[in-house]
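Reader: I'm new to looking at protein models. Could you walk me through one, feature by feature?

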Amino acid sequence: MFFLVRSTLHHLIGLSQDKPIRSRVRLGQRNKVTVVLGAQWGDEGKGKVVDLLAMDADIVCRCQGGNNAGHTVVVDSVEYDFHLLPSGVLNKKAVSFIGNGVVIHLPGLFDEAAKNLQKGKGLQGWEERLKISDRAHIVFNFHQAVDGIQEQQRQQQEGKNLGTTKKGIGPAYSSKAARNGIRVCDLVSDFKVFQDKFRMLAEHFLTMYPNLNIDIDGELEQLKGYAERLRPLVTDGVYFMHKALNGPSKKILVEGANAALLDIDFGTYPFVTSSNCTVGGVCTGLGVPPSYVGRVYGVVKAYTTRVGVGAFPTEQDNETGDLLQTRGREFGVTTGRRRRCGWLDLILVRYAHMVNGFSAIALTKLDILDTLPEIKVGVAYNVDGKPLPSFPANMDVLTRVSVEYKTLPGWCCSTEAARSFEDLPSQAQSYIRFIEDFLQVPVKWVGVGKSRESMIKLF
(Lines give C-alpha, C1' and ligand atoms only; values in the text may rest on other atoms or scores of the structure.)
Protein backbone atom coordinates (compact mmCIF):
# COMPACT_ATOMS: atom_id res chain seq x y z
CA MET A 1 0.00 0.00 0.00
CA PHE A 2 2.74 2.44 0.95
CA PHE A 3 4.59 1.60 -2.29
CA LEU A 4 1.47 2.28 -4.36
CA VAL A 5 0.85 5.64 -2.67
CA ARG A 6 4.47 6.68 -3.09
CA SER A 7 4.49 5.66 -6.77
CA THR A 8 1.26 7.56 -7.40
CA LEU A 9 2.65 10.67 -5.71
CA HIS A 10 5.84 10.46 -7.75
CA HIS A 11 3.78 10.16 -10.90
CA LEU A 12 1.59 13.11 -9.97
CA ILE A 13 4.38 15.50 -9.05
CA GLY A 14 6.68 14.36 -11.82
CA LEU A 15 9.48 13.03 -9.64
CA SER A 16 9.80 9.54 -11.09
CA GLN A 17 13.38 8.79 -12.06
CA ASP A 18 12.59 7.76 -15.61
CA LYS A 19 10.34 10.74 -16.34
CA PRO A 20 11.70 14.17 -15.34
CA ILE A 21 9.32 17.14 -15.24
CA ARG A 22 11.11 18.88 -18.10
CA SER A 23 14.49 19.19 -19.67
CA ARG A 24 16.67 21.81 -18.00
CA VAL A 25 16.78 25.23 -19.63
CA ARG A 26 20.22 26.13 -20.85
CA LEU A 27 21.03 29.70 -20.06
CA GLY A 28 22.75 31.57 -22.86
CA GLN A 29 25.65 33.97 -22.54
CA ARG A 30 24.50 37.07 -20.66
CA ASN A 31 26.05 40.49 -20.99
CA LYS A 32 26.60 42.46 -17.80
CA VAL A 33 26.57 46.21 -17.29
CA THR A 34 29.62 48.08 -16.05
CA VAL A 35 28.63 50.95 -13.76
CA VAL A 36 30.42 54.22 -12.99
CA LEU A 37 29.16 56.06 -9.89
CA GLY A 38 30.17 59.09 -7.87
CA ALA A 39 31.36 58.21 -4.37
CA GLN A 40 31.19 61.68 -2.76
CA TRP A 41 28.94 64.72 -3.32
CA GLY A 42 29.32 64.77 -7.09
CA ASP A 43 31.80 66.55 -9.34
CA GLU A 44 34.33 63.73 -8.91
CA GLY A 45 35.23 63.57 -12.60
CA LYS A 46 32.88 60.76 -13.62
CA GLY A 47 32.67 62.10 -17.16
CA LYS A 48 36.36 61.47 -17.74
CA VAL A 49 36.14 57.88 -16.50
CA VAL A 50 33.01 57.25 -18.57
CA ASP A 51 34.67 58.78 -21.62
CA LEU A 52 37.64 56.46 -21.14
CA LEU A 53 35.45 53.34 -20.86
CA ALA A 54 33.03 54.49 -23.56
CA MET A 55 35.72 54.43 -26.24
CA ASP A 56 35.12 50.71 -26.80
CA ALA A 57 31.57 50.44 -25.41
CA ASP A 58 28.63 49.36 -27.53
CA ILE A 59 25.95 51.00 -25.38
CA VAL A 60 26.28 53.86 -22.86
CA CYS A 61 23.31 54.50 -20.54
CA ARG A 62 22.01 57.18 -18.20
CA CYS A 63 19.74 55.71 -15.52
CA GLN A 64 18.62 58.61 -13.28
CA GLY A 65 18.70 62.34 -12.61
CA GLY A 66 18.14 65.09 -15.12
CA ASN A 67 19.93 68.17 -16.38
CA ASN A 68 20.82 69.03 -12.78
CA ALA A 69 23.88 66.84 -13.36
CA GLY A 70 26.93 67.95 -15.31
CA HIS A 71 29.82 66.06 -16.88
CA THR A 72 32.77 67.74 -18.56
CA VAL A 73 34.65 65.69 -21.16
CA VAL A 74 37.76 66.89 -23.01
CA VAL A 75 38.44 65.27 -26.40
CA ASP A 76 41.03 66.57 -28.87
CA SER A 77 41.39 69.71 -26.73
CA VAL A 78 37.64 70.42 -27.05
CA GLU A 79 35.70 70.68 -23.78
CA TYR A 80 32.17 69.27 -24.00
CA ASP A 81 29.56 69.79 -21.25
CA PHE A 82 26.83 67.19 -20.85
CA HIS A 83 23.79 67.38 -18.62
CA LEU A 84 21.24 65.00 -20.13
CA LEU A 85 23.13 63.32 -22.93
CA PRO A 86 25.27 60.36 -21.86
CA SER A 87 28.98 61.22 -22.10
CA GLY A 88 29.36 58.20 -24.37
CA VAL A 89 27.50 60.05 -27.13
CA LEU A 90 30.96 61.15 -28.33
CA ASN A 91 31.66 57.56 -29.37
CA LYS A 92 30.16 57.41 -32.84
CA LYS A 93 30.13 53.60 -32.77
CA ALA A 94 28.09 53.35 -29.56
CA VAL A 95 24.37 53.71 -28.90
CA SER A 96 23.55 56.18 -26.13
CA PHE A 97 20.48 55.37 -24.06
CA ILE A 98 18.50 57.60 -21.68
CA GLY A 99 16.60 55.29 -19.34
CA ASN A 100 13.19 55.51 -17.69
CA GLY A 101 14.72 56.73 -14.41
CA VAL A 102 15.86 59.99 -16.03
CA VAL A 103 13.59 63.05 -16.04
CA ILE A 104 13.98 64.95 -19.30
CA HIS A 105 13.59 68.67 -19.96
CA LEU A 106 13.24 68.65 -23.75
CA PRO A 107 14.34 72.27 -24.41
CA GLY A 108 17.39 71.51 -22.24
CA LEU A 109 18.17 68.33 -24.19
CA PHE A 110 18.07 69.94 -27.62
CA ASP A 111 19.83 73.13 -26.47
CA GLU A 112 22.61 71.02 -24.94
CA ALA A 113 23.10 69.18 -28.22
CA ALA A 114 23.14 72.42 -30.22
CA LYS A 115 25.73 74.07 -27.95
CA ASN A 116 28.06 71.07 -28.01
CA LEU A 117 27.74 70.79 -31.80
CA GLN A 118 29.17 74.31 -32.05
CA LYS A 119 32.23 73.31 -29.99
CA GLY A 120 33.56 70.50 -32.16
CA LYS A 121 32.81 67.53 -34.39
CA GLY A 122 32.35 65.05 -31.53
CA LEU A 123 28.57 65.33 -31.41
CA GLN A 124 27.86 65.14 -35.13
CA GLY A 125 25.08 62.65 -35.89
CA TRP A 126 24.04 62.39 -32.22
CA GLU A 127 20.34 61.88 -33.04
CA GLU A 128 21.17 58.76 -35.06
CA ARG A 129 22.80 57.09 -32.06
CA LEU A 130 20.55 58.20 -29.19
CA LYS A 131 17.67 56.15 -27.79
CA ILE A 132 15.24 57.40 -25.13
CA SER A 133 13.02 55.19 -22.98
CA ASP A 134 9.30 55.65 -23.58
CA ARG A 135 8.80 55.42 -19.80
CA ALA A 136 11.00 58.42 -18.93
CA HIS A 137 9.15 61.34 -17.30
CA ILE A 138 9.19 64.85 -18.73
CA VAL A 139 10.32 68.00 -16.91
CA PHE A 140 8.18 70.93 -18.00
CA ASN A 141 9.03 74.63 -17.83
CA PHE A 142 6.57 75.07 -14.96
CA HIS A 143 8.43 72.39 -12.98
CA GLN A 144 11.49 74.63 -13.20
CA ALA A 145 9.50 77.69 -12.15
CA VAL A 146 8.08 75.76 -9.18
CA ASP A 147 11.61 74.70 -8.19
CA GLY A 148 12.59 78.37 -7.93
CA ILE A 149 9.47 79.27 -5.92
CA GLN A 150 10.06 76.40 -3.49
CA GLU A 151 13.65 77.51 -2.89
CA GLN A 152 12.45 81.05 -2.26
CA GLN A 153 9.83 79.81 0.21
CA ARG A 154 12.38 77.74 2.12
CA GLN A 155 14.62 80.79 2.40
CA GLN A 156 11.75 82.94 3.70
CA GLN A 157 10.30 80.36 6.09
CA GLU A 158 13.41 78.75 7.56
CA GLY A 159 16.19 81.07 6.47
CA LYS A 160 17.86 78.30 4.51
CA ASN A 161 17.31 76.63 1.16
CA LEU A 162 18.40 73.27 -0.23
CA GLY A 163 20.68 74.76 -2.87
CA THR A 164 18.89 73.08 -5.79
CA THR A 165 19.90 73.81 -9.38
CA LYS A 166 16.35 75.08 -10.06
CA LYS A 167 16.17 72.77 -13.07
CA GLY A 168 12.79 71.39 -12.01
CA ILE A 169 14.13 67.98 -11.03
CA GLY A 170 12.50 67.75 -7.58
CA PRO A 171 9.05 68.91 -8.77
CA ALA A 172 9.22 66.50 -11.75
CA TYR A 173 10.04 63.54 -9.50
CA SER A 174 7.28 64.74 -7.16
CA SER A 175 4.82 64.54 -10.07
CA LYS A 176 6.11 61.06 -10.84
CA ALA A 177 5.60 59.91 -7.23
CA ALA A 178 2.18 61.61 -7.04
CA ARG A 179 1.19 59.67 -10.19
CA ASN A 180 0.17 62.73 -12.16
CA GLY A 181 3.44 62.97 -14.09
CA ILE A 182 3.61 62.77 -17.87
CA ARG A 183 5.94 60.44 -19.73
CA VAL A 184 7.68 60.46 -23.08
CA CYS A 185 5.27 57.78 -24.38
CA ASP A 186 2.39 60.22 -23.75
CA LEU A 187 4.01 62.98 -25.79
CA VAL A 188 4.78 60.84 -28.85
CA SER A 189 1.34 59.17 -28.84
CA ASP A 190 -2.02 60.96 -29.26
CA PHE A 191 -1.22 64.67 -28.82
CA LYS A 192 -4.83 65.54 -27.91
CA VAL A 193 -4.68 63.13 -24.96
CA PHE A 194 -1.27 64.51 -24.01
CA GLN A 195 -2.66 68.05 -24.19
CA ASP A 196 -5.42 67.21 -21.70
CA LYS A 197 -2.93 65.63 -19.29
CA PHE A 198 -0.63 68.63 -19.59
CA ARG A 199 -3.42 71.10 -18.85
CA MET A 200 -4.50 69.08 -15.79
CA LEU A 201 -0.96 68.97 -14.45
CA ALA A 202 -0.44 72.69 -15.06
CA GLU A 203 -3.73 73.46 -13.26
CA HIS A 204 -2.61 71.27 -10.36
CA PHE A 205 0.52 73.38 -9.88
CA LEU A 206 -1.40 76.65 -10.38
CA THR A 207 -3.72 75.62 -7.53
CA MET A 208 -0.70 75.00 -5.30
CA TYR A 209 1.19 78.12 -6.43
CA PRO A 210 -1.28 80.87 -7.47
CA ASN A 211 1.55 83.24 -8.43
CA LEU A 212 3.03 80.73 -10.85
CA ASN A 213 3.24 82.05 -14.39
CA ILE A 214 2.50 79.31 -16.95
CA ASP A 215 2.08 79.92 -20.66
CA ILE A 216 0.06 76.76 -21.25
CA ASP A 217 -0.69 77.30 -24.94
CA GLY A 218 2.84 78.51 -25.69
CA GLU A 219 4.47 75.52 -23.99
CA LEU A 220 2.09 73.09 -25.72
CA GLU A 221 3.01 74.55 -29.09
CA GLN A 222 6.69 74.15 -28.24
CA LEU A 223 6.16 70.57 -27.07
CA LYS A 224 4.31 69.68 -30.28
CA GLY A 225 7.45 70.56 -32.21
CA TYR A 226 9.66 68.59 -29.85
CA ALA A 227 7.38 65.56 -30.21
CA GLU A 228 8.25 65.29 -33.91
CA ARG A 229 11.99 65.45 -33.21
CA LEU A 230 11.66 63.06 -30.30
CA ARG A 231 9.56 60.34 -31.95
CA PRO A 232 12.39 58.65 -33.94
CA LEU A 233 14.51 58.45 -30.76
CA VAL A 234 11.91 56.83 -28.51
CA THR A 235 11.98 53.09 -27.82
CA ASP A 236 10.60 50.54 -25.38
CA GLY A 237 13.44 50.80 -22.87
CA VAL A 238 12.78 47.50 -21.11
CA TYR A 239 12.81 45.55 -24.39
CA PHE A 240 15.87 47.50 -25.59
CA MET A 241 17.87 46.60 -22.49
CA HIS A 242 16.63 42.99 -22.49
CA LYS A 243 17.87 42.49 -26.04
CA ALA A 244 21.19 44.16 -25.23
CA LEU A 245 21.73 42.00 -22.15
CA ASN A 246 20.70 38.69 -23.68
CA GLY A 247 21.85 39.10 -27.26
CA PRO A 248 25.30 38.93 -28.87
CA SER A 249 28.32 39.98 -26.79
CA LYS A 250 28.19 43.70 -26.01
CA LYS A 251 29.99 46.10 -23.71
CA ILE A 252 27.32 48.03 -21.82
CA LEU A 253 28.28 51.01 -19.70
CA VAL A 254 26.09 52.88 -17.21
CA GLU A 255 27.07 56.36 -16.05
CA GLY A 256 25.55 57.57 -12.81
CA ALA A 257 24.61 61.20 -12.36
CA ASN A 258 25.11 63.06 -9.06
CA ALA A 259 26.70 60.81 -6.39
CA ALA A 260 26.22 58.54 -3.36
CA LEU A 261 25.98 61.32 -0.77
CA LEU A 262 23.29 63.02 -2.87
CA ASP A 263 21.13 59.88 -3.08
CA ILE A 264 17.52 60.48 -1.98
CA ASP A 265 17.73 57.54 0.48
CA PHE A 266 21.40 57.32 1.43
CA GLY A 267 22.62 60.88 0.99
CA THR A 268 22.89 63.76 3.46
CA TYR A 269 19.12 64.26 3.54
CA PRO A 270 17.48 66.73 2.96
CA PHE A 271 20.43 68.24 1.08
CA VAL A 272 20.21 65.63 -1.64
CA THR A 273 18.89 65.15 -5.15
CA SER A 274 15.53 63.49 -5.91
CA SER A 275 16.68 60.17 -7.37
CA ASN A 276 18.65 57.08 -6.38
CA CYS A 277 22.16 57.74 -7.63
CA THR A 278 23.58 54.64 -5.96
CA VAL A 279 23.77 51.23 -7.65
CA GLY A 280 20.09 50.39 -7.02
CA GLY A 281 19.15 53.20 -9.40
CA VAL A 282 20.74 51.22 -12.24
CA CYS A 283 18.16 48.44 -11.87
CA THR A 284 15.12 50.67 -11.41
CA GLY A 285 16.25 53.35 -13.87
CA LEU A 286 16.97 51.00 -16.77
CA GLY A 287 14.95 47.86 -16.10
CA VAL A 288 18.09 45.80 -15.49
CA PRO A 289 17.80 42.74 -13.19
CA PRO A 290 20.36 42.81 -10.34
CA SER A 291 22.09 39.67 -11.62
CA TYR A 292 23.13 41.57 -14.75
CA VAL A 293 25.12 44.20 -12.82
CA GLY A 294 28.82 43.48 -13.26
CA ARG A 295 31.69 45.72 -12.19
CA VAL A 296 30.83 48.86 -10.21
CA TYR A 297 33.47 51.59 -10.27
CA GLY A 298 33.38 54.37 -7.68
CA VAL A 299 34.86 57.70 -8.72
CA VAL A 300 36.65 59.50 -5.88
CA LYS A 301 38.25 62.91 -6.08
CA ALA A 302 41.65 63.06 -4.32
CA TYR A 303 40.07 65.66 -2.01
CA THR A 304 36.42 66.50 -1.27
CA THR A 305 34.11 69.13 -2.73
CA ARG A 306 30.50 70.07 -2.29
CA VAL A 307 28.23 72.54 -4.09
CA GLY A 308 25.60 74.47 -2.14
CA VAL A 309 24.59 74.04 1.48
CA GLY A 310 24.76 71.10 3.90
CA ALA A 311 27.15 69.52 6.36
CA PHE A 312 30.74 69.04 5.19
CA PRO A 313 32.97 67.65 7.99
CA THR A 314 36.37 67.97 6.23
CA GLU A 315 35.69 71.38 4.67
CA GLN A 316 38.63 73.79 4.76
CA ASP A 317 37.27 77.33 4.84
CA ASN A 318 40.79 78.69 4.75
CA GLU A 319 43.87 79.02 2.54
CA THR A 320 43.98 75.28 1.89
CA GLY A 321 40.37 75.30 0.70
CA ASP A 322 41.08 78.33 -1.50
CA LEU A 323 44.13 76.60 -3.00
CA LEU A 324 42.14 73.45 -3.82
CA GLN A 325 39.33 75.55 -5.27
CA THR A 326 41.67 77.61 -7.46
CA ARG A 327 43.94 74.80 -8.64
CA GLY A 328 41.01 72.46 -9.20
CA ARG A 329 38.92 75.10 -11.00
CA GLU A 330 36.08 74.05 -8.75
CA PHE A 331 32.96 75.58 -10.23
CA GLY A 332 29.72 73.70 -10.88
CA VAL A 333 29.23 72.62 -14.51
CA THR A 334 25.47 73.15 -14.31
CA THR A 335 25.22 76.24 -12.09
CA GLY A 336 28.68 77.82 -12.21
CA ARG A 337 28.59 78.00 -8.41
CA ARG A 338 31.88 77.95 -6.50
CA ARG A 339 32.44 74.55 -4.91
CA ARG A 340 33.37 74.25 -1.26
CA CYS A 341 36.62 72.29 -0.81
CA GLY A 342 38.23 70.17 1.88
CA TRP A 343 40.40 67.17 2.64
CA LEU A 344 39.57 63.68 1.41
CA ASP A 345 36.97 62.13 3.74
CA LEU A 346 37.46 58.36 3.77
CA ILE A 347 34.68 57.77 6.30
CA LEU A 348 32.30 59.19 3.74
CA VAL A 349 33.79 57.14 0.86
CA ARG A 350 33.73 53.95 2.94
CA TYR A 351 30.02 54.57 3.56
CA ALA A 352 29.48 54.96 -0.20
CA HIS A 353 31.27 51.63 -0.67
CA MET A 354 28.96 49.97 1.87
CA VAL A 355 25.95 50.99 -0.22
CA ASN A 356 27.41 50.38 -3.69
CA GLY A 357 29.95 47.56 -3.27
CA PHE A 358 32.65 49.10 -5.47
CA SER A 359 34.75 46.68 -7.52
CA ALA A 360 37.47 49.32 -7.82
CA ILE A 361 38.11 53.04 -7.45
CA ALA A 362 38.99 55.72 -9.98
CA LEU A 363 40.95 58.39 -8.08
CA THR A 364 40.75 61.71 -9.93
CA LYS A 365 42.50 65.09 -9.72
CA LEU A 366 45.53 63.83 -7.83
CA ASP A 367 47.57 66.56 -9.55
CA ILE A 368 45.63 69.27 -7.67
CA LEU A 369 47.52 68.19 -4.52
CA ASP A 370 50.93 68.60 -6.20
CA THR A 371 51.93 71.79 -4.35
CA LEU A 372 50.98 70.76 -0.81
CA PRO A 373 53.84 69.88 1.60
CA GLU A 374 51.49 67.70 3.64
CA ILE A 375 48.07 66.22 3.01
CA LYS A 376 45.41 65.30 5.53
CA VAL A 377 42.89 62.50 5.19
CA GLY A 378 39.77 62.13 7.35
CA VAL A 379 39.81 58.66 8.93
CA ALA A 380 37.36 58.84 11.88
CA TYR A 381 34.44 60.88 13.24
CA ASN A 382 33.96 61.81 16.89
CA VAL A 383 30.87 63.37 18.48
CA ASP A 384 31.06 64.83 21.99
CA GLY A 385 34.43 63.13 22.43
CA LYS A 386 33.10 59.69 21.50
CA PRO A 387 33.91 57.80 18.27
CA LEU A 388 31.07 57.45 15.79
CA PRO A 389 30.93 53.86 14.48
CA SER A 390 29.22 54.71 11.18
CA PHE A 391 28.19 57.57 8.93
CA PRO A 392 25.23 59.31 10.65
CA ALA A 393 21.77 59.64 9.10
CA ASN A 394 20.97 62.71 11.20
CA MET A 395 22.39 65.88 9.67
CA ASP A 396 22.38 67.67 13.03
CA VAL A 397 24.82 65.02 14.23
CA LEU A 398 26.96 65.34 11.09
CA THR A 399 27.32 69.08 11.61
CA ARG A 400 28.73 68.41 15.10
CA VAL A 401 31.34 65.79 14.24
CA SER A 402 35.02 66.46 14.76
CA VAL A 403 37.23 64.70 12.24
CA GLU A 404 40.28 62.64 13.11
CA TYR A 405 42.94 63.08 10.44
CA LYS A 406 45.90 61.09 9.22
CA THR A 407 48.64 63.41 7.96
CA LEU A 408 50.62 62.17 4.97
CA PRO A 409 53.66 63.79 3.32
CA GLY A 410 53.06 65.70 0.10
CA TRP A 411 55.28 65.37 -2.97
CA CYS A 412 55.69 69.05 -3.98
CA CYS A 413 56.28 68.33 -7.65
CA SER A 414 54.13 67.98 -10.75
CA THR A 415 52.47 64.65 -11.49
CA GLU A 416 50.87 65.78 -14.77
CA ALA A 417 53.43 64.05 -17.00
CA ALA A 418 53.04 60.69 -15.23
CA ARG A 419 51.66 57.90 -17.39
CA SER A 420 52.24 54.93 -15.08
CA PHE A 421 52.09 54.26 -11.36
CA GLU A 422 55.90 54.05 -11.29
CA ASP A 423 56.11 57.58 -12.78
CA LEU A 424 54.39 59.01 -9.70
CA PRO A 425 56.48 60.33 -6.77
CA SER A 426 56.81 57.80 -3.94
CA GLN A 427 54.72 59.99 -1.64
CA ALA A 428 51.87 60.04 -4.20
CA GLN A 429 52.13 56.25 -4.46
CA SER A 430 51.88 56.03 -0.67
CA TYR A 431 48.82 58.28 -0.71
CA ILE A 432 47.08 55.93 -3.16
CA ARG A 433 48.08 52.82 -1.18
CA PHE A 434 46.75 54.39 2.03
CA ILE A 435 43.36 54.94 0.38
CA GLU A 436 43.30 51.34 -0.86
CA ASP A 437 44.23 49.93 2.54
CA PHE A 438 41.62 52.00 4.37
CA LEU A 439 38.77 51.17 1.99
CA GLN A 440 39.92 47.64 1.16
CA VAL A 441 39.14 48.46 -2.45
CA PRO A 442 41.78 48.62 -5.21
CA VAL A 443 42.46 51.85 -7.11
CA LYS A 444 42.25 51.01 -10.81
CA TRP A 445 42.81 54.48 -12.33
CA VAL A 446 44.51 57.67 -11.16
CA GLY A 447 43.79 61.00 -12.84
CA VAL A 448 46.57 63.58 -13.11
CA GLY A 449 45.15 65.97 -15.72
CA LYS A 450 42.19 66.81 -17.93
CA SER A 451 42.70 64.54 -20.95
CA ARG A 452 41.97 60.86 -21.51
CA GLU A 453 45.70 60.17 -21.58
CA SER A 454 46.08 61.58 -18.07
CA MET A 455 44.08 58.69 -16.58
CA ILE A 456 46.77 56.25 -15.40
CA LYS A 457 45.61 52.62 -15.40
CA LEU A 458 47.09 50.65 -12.49
CA PHE A 459 45.81 47.20 -13.46
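Predicted model: local features only at pLDDT ≥ 70, side-chain atom pairs only at ≥ 80, totals over all residues.

Reader: Okay, let me try the labels out. Where is P270 found?

Author: P270 sits in the loop between β10 (252-255) and α10 (280-286).

Reader: Now the big picture. Which domains does the assignment give?

Author: The domain assignment gives domain 1 as 31-134 + 236-299, and domain 2 as 137-233. Their C-alpha centres lie 23 Å apart. The contact takes 25 residues from domain 1 and 26 residues from domain 2.

Reader: How much area do domain 1 and domain 2 bury between them?

Author: About 2,200 Å², with 62% of it on carbon and sulfur atoms. On the domain 1 side, V103, L106 and F110 supply 27% of the area buried against domain 2, more than any other three residues.

Reader: What about the charged and polar links between the two domains?

Author: Between domain 1 and domain 2 the count is one salt bridge, along with eight residue pairs in polar contact, both residues being at pLDDT 80 or more. Several elements on the domain 1 side take part: β6 (103-104), α3 (106-119) and β7 (130-133) each supply at least two residues to the side that touches domain 2. Of the elements there, β7 gives the most, with four residues. The residues on that side of domain 1 divide into 11 nonpolar, 11 polar and three charged.

Reader: I saw some rings facing each other. How is a pair of aromatic rings described?

Author: You give the distance of the centres and the angle of the planes. A search of the whole structure finds 16 aromatic pairs. One of them is F110 with Y226, which is stacked: 5.3 Å centre to centre and 5° between the planes. F110 lies in helix α3 and Y226 in helix α8 (residues 216-230), so this pair ties together parts that are 116 residues apart in sequence.

Reader: And salt bridges: how many does the structure hold?

Author: The structure holds 19 salt bridges. Take D56 and K251, whose closest N and O atoms are 2.8 Å apart. D56 is in the loop between α2 (46-54) and β2 (59-62), while K251 is in the loop between α9 (237-246) and β10, so the pair ties together parts that are 195 residues apart in sequence. Another example is R229 with E127, where the closest N and O atoms are 3.7 Å apart.

How values were computed. Residues numbered from 1 in each chain as written. Heavy atoms only, no water. Domains from an automatic or database assignment. Contact = heavy atoms within 4.5 Å. Buried area = accessible area lost by both parts, 1.4 Å probe. Salt bridge = Lys/Arg side-chain N within 4 Å of Asp/Glu carboxyl O. Polar contact = N/O pair within 3.5 Å; in protein donor to acceptor, adjacent residues only side chain to side chain. Nonpolar A, V, L, I, M, F, W, Y, C, P; charged D, E, K, R; others polar. Phe/Tyr/Trp six-rings, centres within 6.5 Å; stacked < 30°, edge-to-face > 60°.
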